[in-house]
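Biologist: Before we go through this model, I would like to learn how its features are read. Please give the general idea each time, then the case at hand.

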Amino acid sequence: MEQKESKRILTGDRPTGKLHIGHYFGSLQSRIKLQDEYEAFIEVADVQALTDNFNNPEKVKSNVNEILMDQLSVGIDPSKVTFFLQSMIPEIAELTVFYSNLVTIARLQRNPTVKTEIAQKRDVFGESVTYGFLGYPVSQAADITAFNANIIPVGEDQLPLIEQCREIVRKFNSIYGETLKEPEAYLSSNKRIKGLDGNEKMGKSLGNAIYLADSEEVIAQKVMNAVTDPARIKKDDPGNPNICMVAYYHNLFSGGEVKNICEECKKGKRGCVSCKKQLIKNINNHLEPIRDKRRYYEERPELVKEILMEGTNVARKEAARTMEKVKFAMKLDYFKGE
Ligand code: TRP
C-alpha cells in the first residue's frame, strides 16, 4: 500500500455555484496533487453557504451535487478523499458554540475576509449583518479542528480565516489544556484566472466564467465573444496579444502553440476568428475527459449519493472523537462511567 504522510488536509467549498476554470487552475489542481500525498477531507460547506443564502435554501441544495460532480469529474478520487456534508455533522455546530466564547465581536469585525464580504453583500444584509455571517469564521474553525486537520489548502482570500482558527485553537488550548491541533494554511495557487471580459477575476456573478460543465457549443460561443485587442479592426492590422483575452487563454490551454500564435497576431498574419477557433478546439480537448467523467457520474446518481454518504459517515466518527476530547477538556464529560 502507498504510504501517505501522517498529515491531514481539510478544505471545502460553499455550494453556491458550479466550479469554473479559475477554480480548476487554482484549488482543484492542487487537490488532485495533494490527494496522493496526504490523508484528505473535503467538505461541502452547505451550512456556511446558508450564512449568506439563508433565504435561498433551494440554491444551496441544488449546488451540493454540482460541487461534488465538479470535483469527481476533474479526477478527485473518492477512494483517496473523504467527501462530507457539513450539515450532517452536528459536532461542527456544537464546536461552533463552544468556540464562540473564545472570540470577540470586534475581532470578527476586523477580519479582512469578513469585512470585504460584508461590503460586497449589501444586497443580502443591508446596513446590518447577521450574527451567523459575522460568526462564520468560528464555524470554519470548527470545520477544521473537528477533523484534527493540520494542513488547509486555500486561496489567498481565505488566509485571515485560517489565522482566526489558529487564534481560537491557541486560546482553547491555553484555557482548557492542550487539546486541539493548530492548522497551517497551504496556498493552493497564487494564480488568479481572469474573466472572458478581461476582468481580473473570473466569477459567477460577473458572468465572465468558463465552467467545467460547459458544453462544446457554449465554449465556442463564449470564446467567440471574448475581448480582444480593440485597436485591431481589420484582419491584417497588427494585434497586441498582451491585451487580448484569447491570447491569455491560449497561454493556459495551447502549450507549445502559443509562441507561434502570438507572433502571427503581432504581424497581422492571423485573424482573430481563426485564433479563436484554435482556442475553442484546445479548450474542448482539455475539457473532454472531464466531461466524460462527469457523464459517468451523471449516469450513476446512486453512486454519487453513496460517495457523499459514506464519506460523511467516516467524517462523523472522526468528529465524534474530537468532541469527546473537547468535552473532557471543558469538563462537560457528564455521565461518563456512571
Ligand atoms: N470559506 C471557504 C470558501 O468560501 C469554504 C470553506 C468552508 C472552507 N469550510 C472550510 C475552506 C474549511 C477551508 C477549510 O471557499
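Biologist: Over the face of which ring does K18 lie?

Modeller: A charge sits over a ring if NZ of Lys or CZ of Arg is within 6 Å of the ring centre and within 35 degrees of the ring normal. K18 lies over the face of Y211, 4.9 Å from the ring centre. R14 is placed over the face of Y136, at 4.6 Å from the ring centre. This is a predicted model, in which local features need pLDDT of at least 70 and side-chain atom pairs count only at pLDDT 80 or more, while totals for chains, interfaces and linings use all residues. Residues are numbered from 1 along each chain as its sequence is written, and side-chain values use heavy atoms, with hydrogens and water left out.

Biologist: How many aromatic pairs does the structure hold?

Modeller: A pair of aromatic rings is described by the distance of the centres and the angle of the planes. Rings of Phe, Tyr and Trp (its six-membered ring) pair if their centres lie within 6.5 Å; planes under 30 degrees apart are stacked, over 60 edge-to-face, and the rest tilted. The structure holds 12 such pairs. One of them, F125 with F133, is tilted, at 5.0 Å centre to centre and 45° between the planes. Y248 and Y249 form an edge-to-face pair, with 5.4 Å between centres and 75° between planes. Ring pairs also link Y24, F25 and F253 into a cluster.

Biologist: Is Y249 buried or exposed?

Modeller: Buried means under 20% relative accessible area, exposed over 50%, and partly exposed in between (1.4 Å probe, protein chains only). Y249 has 1% relative accessibility and therefore counts as buried. Y248, at 22%, is partly exposed. F125 and F133 are both buried.

Biologist: Which way do the residues of β3 point?

Modeller: V81, F83 and L85 point one way from β3, T82 and F84 the other way, and all are buried. Five of the five residues of this strand (81-85) are buried, so β3 is largely enclosed by the rest of the structure. Two strands pair if DSSP finds at least two bridges between them. Strand β2 (residues 38-44) is joined to β3 by five bridges, and the two run parallel. F41 stands opposite T82 in β3.

Biologist: What lines the second largest pocket?

Modeller: On a 1 Å grid over the protein atoms alone, a pocket is an open set of points where a 1.4 Å probe fits, with protein on both sides within 12 Å along at least five of seven lines; lining residues have an atom within 4 Å of a point. The second largest pocket is lined by 23 residues, of which T96, Y131, G132, G135 and V138 lie nearest its centre. Helix α4 gives the most to this lining, with five residues.

How values were computed:
Helices (H or I, at least four residues) and strands (E, at least two) are DSSP runs, numbered from the N terminus.
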